[in-house]
Amino acid sequence: MARLSLLTLLLASSVLGLASPRTQQETLQSALSDKWKWSDCGLDSNPIHIESIEITPDPPKPGEDLTVTVKGVASERVEEGAYADVAVKVGRIKILQKEVDLCEEAANTSVQCPVEEGEYTVTHTVTLPKEIPQAPFNVEVDGYTVEDEDLVCLRLSIDFRKTPGRLLTL
C-alpha cells in the first residue's frame, strides 16, 4: 500500500506549479474516461487552479508506467514552506493521510520554489505498483501557503476495478 503513495505524491508535486483562473464557479473540470475524473475544488481566490490533467495510459493500469501532465497558472508567487494535506480513500475509508512539502516534491519535476506567477506544464512518470487493489480510490489534496492560507484544492477519483461500477462522486 505504501507504493500507492507514489501516485498521491505525483499529484501533490504536480499541483504546485499548475493553475488557471476560472471564469465560472465550475468544480468539475474533467470527466475523461469511465475510470477516472478530477475536479478543482478551490475558490476563485486561491493562488493555484488546475486547468487540465492528462494521463497516459488512459485508463491507468496497475504495474505499468503512468505519465501525468498537469497544466495551469499560478496567480501569486508560492514560497518555500507551501504544503499539502493528502488523503487517499477507498470509498469513505481513509487508507493514507500525509502532509507533503510541495517544494520538496516539486524538486522532482521542472518546477522549483519559489514559484513565480505564470502558466506551467508539469509532466511526470511513475510506475504504478502491480498490487493496487481492484477498488475505486478517491484522492483529496488540500494545499496551503507557508502562511497557512488556502493555496489549491484538488479531488481525484480512480477506479481500478476491471468492470467499473458507478464512479464515486467527488
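Cys 41 is partly exposed, with 27% relative accessible area. The model is predicted.

**Disulfides**

The structure contains 2 disulfides. Counted along the chain, the bonded cysteines pair as 1-4, 2-3. A disulfide is a covalent bond between the sulfur atoms of two cysteines.

| Disulfide | S to S | Angle about the S-S bond |
|---|---|---|
| Cys 41 to Cys 153 | 1.8 Å | -85 degrees |
| Cys 103 to Cys 113 | 1.9 Å | -85 degrees |

The link of Cys 41 and Cys 153 is left-handed. This pair ties together distant parts of the chain, 112 residues apart. Cys 41 sits in the loop between strand E2 (36-40) and strand E3 (48-56). Cys 153 lies in strand E9 (residues 150-159). Cys 153 is buried, because its relative accessible area is 10%, under the 20% cut-off.

The link of Cys 103 and Cys 113 is left-handed too. Here the partners are 10 residues apart: Cys 103 is in helix H2, and Cys 113 is in the loop between H2 and E7. Cys 103 is buried at 7% relative accessible area. Cys 113 is buried at 18%.

Glu 117 is in the loop between helix H2 (102-106) and strand E7 (118-127). With 57% relative accessibility, Glu 117 counts as exposed.

**Pro 136**

Pro 136 is placed in strand E8 (residues 136-144). Its relative accessibility is 14%, so Pro 136 counts as buried. Lys 89 is 47 residues away from Pro 136 along the chain, yet their C-alpha atoms are separated by 8.5 Å.

Notes. Residues numbered from 1 in each chain as written. Predicted model: local features only at pLDDT ≥ 70, side-chain atom pairs only at ≥ 80, totals over all residues. Heavy atoms only, no water. Helix = DSSP H or I, 4+ residues; strand = E, 2+ residues; numbered from the N terminus. Buried < 20%, exposed > 50% of the residue type's maximum accessible area, 1.4 Å probe, protein only. Disulfide = S-S within 2.5 Å.
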